[in-house]
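Here is a short report for a first look at this structure. Keep the sequence and the 3D view side by side as you read.

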Amino acid sequence: MLKNLLNRPKLIATALGLAAALFASLGQPVYACKSFDPEPKHFPLEEVINYPHVYVVKVTAIKSDQPDSWYGPPFSLTGQIVQTLKGPGKPGDTLQAETKADEEAHARCPVILDEGKTYLLMLEGTEMPYKLPRYGL
């Protein structure tokens with residue numbers, strides 16, 4: 001019995017330490033995506049080769065197909081081309097694109113864009129609306 005009383009402070013200290021770690025982790029964002037890096041140090045240039053359209057686009061409108069979804073629902077966008085890196089579009093042209101509704105995540109983060117912001121978009125397709133991957137690289 002004396003041995004159990006002596007071990008009790010260790011047990012309490014361990015439980016308090018685990019509880020503190022749990023509460024501290026609740027304040028941090030948690031991502032279930034592999035290799036999530038919102039600002040990568042090196043852009044995967046080899047990915048650009050696979051897309052027929054690569055533009056810097058200022059997004060002017062976004063329409064979500066499932067506005068109540070909490071995990072990157074399919075959406076369509078309208079934007080203005082700021083710079084052409086690959087493809088026939090010219091700066092100033094209006095661009096329309098939509099995400100691929102049948103694409104599976106495979107632990108990749110969803111693409112989430114905001115109106116009024118400018119993005120580098122890699123698009124597929126031969127005519128508008130072009131197809132935008134629904135999930136990141």
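This is a predicted model: local features need pLDDT of at least 70, side-chain atom pairs count only at pLDDT 80 or more; totals for chains, interfaces and linings use all residues.

Five strands make up an open sheet with mixed pairing. Their order is β4-β1-β2-β3-β5. The edges are β4, residues 118-123, and β5, residues 130-132. Each edge strand pairs on one side only. On average, neighbouring strands are turned by 50 degrees against each other, direction ignored.

Strands of a sheet pair through backbone hydrogen bonds, either parallel or antiparallel. Here β3, residues 94-99, pairs with β5 in the parallel sense. Three bridges join β3 and β5.

## The core

The largest nonpolar core holds 15 residues. L77, L95, L113, L121, L123 and L132 have the most contacts inside it. Two or more core residues come from each of β1 (53-64), β2 (75-86), β3, β4 and β5.

Take L132. Beyond its neighbours within four places in sequence, L132 contacts residues including F75, L77, V111, L113, L121 and L123. T99 is also among the contacts of L132.

## Residue T99

T99 lies in strand β3. Its bridge partner in β5 is L132. Is T99 buried or exposed? T99 counts as buried because its relative accessibility is 6%, and buried means under 20%.

Where does the T99 side chain reach? It comes to 2.9 Å from the backbone nitrogen of F75. Leaving out residues up to four places away in sequence, T99 touches P74, F75, L132, P133 and R134.

Technical notes
Residues are numbered from 1 along each chain as its sequence is written. Side-chain values use heavy atoms; hydrogens and water are left out. Two strands pair if DSSP finds at least two bridges between them. Helices (H or I, at least four residues) and strands (E, at least two) are DSSP runs, numbered from the N terminus. Axes are lines fitted to C-alpha atoms, for helices over the stretch in contact, and angles run from 0 to 180 degrees between N-to-C directions. A nonpolar core is a set of buried Ala, Val, Leu, Ile, Met, Phe, Trp, Tyr and Cys residues joined through side-chain atoms within 4.5 Å. Buried means under 20% relative accessible area, exposed over 50%, partly exposed in between (1.4 Å probe, protein chains only). Contact means heavy atoms within 4.5 Å. A polar contact is a pair of N or O atoms within 3.5 Å; within protein, one must be able to donate a hydrogen and the other to accept it, and residues adjacent in sequence count only if both atoms are side-chain atoms.
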